[in-house]
Amino acid sequence: MSEVKLAAETRTEFGKGAARRIRRDNKVPVVLYGHGSEPVHLTLPGHELLLALRTPNVLISLDIDGKTNELAIPKAVQRDPLKGFLEHVDLLLVKRGEKVQVEIPVHTEGELAPGGNLLEHVLAALPVEAEATHIPEAVTVSVEGLEAGASIHAKDIALPNGVSLAVDEDAVVIQVLQAQAEESEGESAEGEEAAEA
């Protein structure tokens, strides 16, 4: 898993006006919390943070005011609903070797059995427990040849060493739904005639 280093500055101004000023300077207001310590209010460079957050559960190494270094993972990200820029980010303080609960994206590969069936992601992300510095970016599941009615449960997904499920092992992650049968041409033609009459 990748580790991104970012320079952070301690924030002393709070409220909407202060947050707007921070964002005008292309920075993002951030709160760092965890381990029972008081929340620390920071600002981070906006563009670098945006790039870092493209990786799910990215490990961020914070250089705070050039004095202290902390490790954190994103916990909550608020974006502007229209423009998509970062408005506020909550970061969770972590330590090397510490286990954390996160959700990792589930990707699929392969082709379903013929018949136009549909693949439904019941869980788009899989809750797992992993060491903070070894969080997998995603898990990949093969759906090759699956028929309608088939499902893949959490226990069926191979996880990397040191990663364990944080959800019921019988939870359905992916299922294959039968395609809706289309009306035969004769039935639709009859329906049109009845509508005209």
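Serine 61 stands opposite leucine 71 in β5, a strand spanning residues 68-79 that runs antiparallel to β4 (residues 59-64) and is joined to β4 by five bridges. Strands (E, at least two residues) and helices (H or I, at least four) are DSSP runs numbered from the N terminus, and two strands count as paired if DSSP finds at least two bridges between them. The model is a predicted one, in which local features need pLDDT of at least 70 and side-chain atom pairs count only at pLDDT 80 or more, whereas totals for chains, interfaces and linings use all residues. Residues are numbered from 1 along each chain as its sequence is written, and side-chain values use heavy atoms, with hydrogens and water left out.

Six strands close into a barrel of mixed pairing, in the order β1-β3-β2-β6-β5-β4. Neighbouring strands of this sheet are turned by 45° against each other on average, direction ignored, with axes fitted as lines to C-alpha atoms (for helices over the stretch in contact) and angles running from 0 to 180 degrees between N-to-C directions. Helix α1 (residues 16-24) lies across β2 (27-34), β3 (37-45) and β6 (86-94), running at about 120° to β2.

Within the largest nonpolar core, which holds 23 residues, Ile73 and Leu126 touch the most other members; such a core is a set of buried Ala, Val, Leu, Ile, Met, Phe, Trp, Tyr and Cys residues joined through side-chain atoms within 4.5 Å, buried meaning under 20% relative accessible area (1.4 Å probe, protein chains only). The largest share of this core, four residues, comes from β7. A second, separate core of 19 residues includes Leu42, Ala52, Ile64 and Ala72.

Definitions and conventions
Contact = heavy atoms within 4.5 Å. Buried < 20%, exposed > 50% of the residue type's maximum accessible area, 1.4 Å probe, protein only.
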